[in-house]
Amino acid sequence: MKERATRWNEEWNDLPEEMRRFATRVGPTEDHVLILGPPGSGKGYLARILHELSPRAEGPFVPKNCGVFTASLAEAQLFGHMRGAYTGATDSKPGVVEAAEGGTLFLDEFGALPPTVQAMFLNFLETRQFNRMGSTSIRESDARLIAATNRDLGAAIAEGKFREDLVARLSFYYEVPPLRERRGEIAGIVDRYLRANGVRLELTGNAMLRLRSYEWPGNIRQLLHVLRYCTRFAEDGLIGADLVEDGILNQQIVAKGSSEEVATRPVPKSDEEMKRELVEALEATGGNKSAAARLMGIHRSTLYRRLERFGGRLVD
């Protein structure tokens with residue numbers, strides 16, 4: 001069974017032993033599964049492994065993010081619709097339940113499933129039967145469900161926002177740990193990323209130490225973004241610790257900026273203020289530009305642009 005998972009992805013050996021044990025025991029069953037864990041931790045990857053280890057491996061693997069469902073169209077997304085079922089339904093179309101016939105249906109962000117369709121989906125899990133929206137004809141699908149969420153379903157159940165009996169229909173549960181608890185995987189992830197993208201770069205020892213010491217609040221997804229940044233800006237065939245730090249800072253700024261309202265953003269600084277701040281940061285760090293950029297909370301590339309703008313080297 002393990003060979004079936006590794007035939008398409010060599011990450012298997014880097015996975016925590018507990019995760020491998022869960023996959024080899026539960027993958028070959030027909031039971032529905034719930035995968036818990038923080039965003040970017042690899043829940044989708046585990047779902048794919050469970051599919052590859054199952055008797056359904058030759059069947060379809062159909063992923064769908066419940067977070068994109070609207071309350072009005074969730075039923076059509078899941079079960080399909082007939083022509084004229086709602087405004088804009090110009091053709092009949094199958095839903096993901098039907099598309100996953102004979103295979104695996106992977107519903108990510110399962111906790112976001114609208115309450116209006118939770119009862120319908122529970123009925124499907126119990127009977128394997130459903131109706132397309134706008135039709136009374138009964139259809140069947142034996143799709144296996146693998147659901148994933150980063151939400152606290154216990155709290156949602158207590159608040160009456162999620163059905164307890166729907167969660168109870170999922171036979172096995174597994175919580176994927178965050179990357180900070182799986183630091184042994186980082187070197188393998190880095191190596192595979194570089195090879196998969198045809199990048200001939202080496203990491204310095206300090207760069208790898210920085211990757212292994214960082215807390216990775218965005219988990220594997222954040223690590224991949226940082227690696228993408230590093231491969232774009234690496235020089236002389238090396239990725240050093242300073243470049244890794246720049247990539248981490250880049251992600252922190254992007255994440256912070258995407259979560260802030262425009263009204264809360266600070267008033268832009270004047271040229272004189274930026275110049276004075278730049279001089280002070282360079283003096284405080286002895287002219288180390290990477291350290292100065294970190295001190296100022298900006299990208300190193302931004303610091304270089306400001307240096308050019310204000311007349312090159314400001315500190316000898």
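## Helix H9 and its cover

In helix H9 (residues 186–196), the buried residues are Ile 186, Gly 188, Ile 189, Val 190, Arg 192, Tyr 193 and Leu 194. Here buried means under 20% relative accessible area, exposed means over 50%, and partly exposed lies in between (1.4 Å probe, protein chains only). Helices (H or I, at least four residues) and strands (E, at least two) are DSSP runs, numbered from the N terminus.

The cover over the buried residues of H9 includes strand E8 (202–203), helix H10 (205–213) and H11. Just after H9, Gly 198 has a positive phi of about 65°.

## About the model

This is a predicted model, in which local features need pLDDT of at least 70 and side-chain atom pairs count only at pLDDT 80 or more, while totals for chains, interfaces and linings use all residues. Residues are numbered from 1 along each chain as its sequence is written, and side-chain values use heavy atoms, with hydrogens and water left out.

## The five-stranded sheet

Let's turn to the strands. Five of them form an open sheet in the order E2-E3-E6-E1-E7, with parallel pairing; two strands pair if DSSP finds at least two bridges between them. Strand E2 (61–65) and strand E7 (172–175) are at the edges with a single partner strand each, so one side of each has no neighbour in the sheet. On average, neighbouring strands of this sheet are turned by 15° against each other, direction ignored.

Strand E1 (residues 33–36) pairs with E7 in the parallel sense over four bridges, and Leu 34 stands opposite Tyr 173 in E7. Helix H2 (residues 17–26) packs on the sheet and touches E1, strand E6 (144–149) and E7, where contact means heavy atoms within 4.5 Å. The direction of H2 makes about 160° with that of E7; axes are lines fitted to C-alpha atoms, for helices over the stretch in contact, and angles run from 0 to 180 degrees between N-to-C directions.

## Aromatic pairs

The structure holds eleven aromatic pairs. Rings of Phe, Tyr and Trp (its six-membered ring) pair if their centres lie within 6.5 Å; planes under 30 degrees apart count as stacked, over 60 as edge-to-face and the rest as tilted. Phe 79 and Phe 130 are stacked, because their ring centres are 5.9 Å apart and their planes at 25°.

Tyr 229 and Phe 233 form a tilted pair, 4.7 Å centre to centre with 35° between the planes. Both lie in helix H11 (residues 219–233), four residues apart. Tyr 229 counts as buried at 11% relative accessibility, whereas Phe 233 is partly exposed at 44%.
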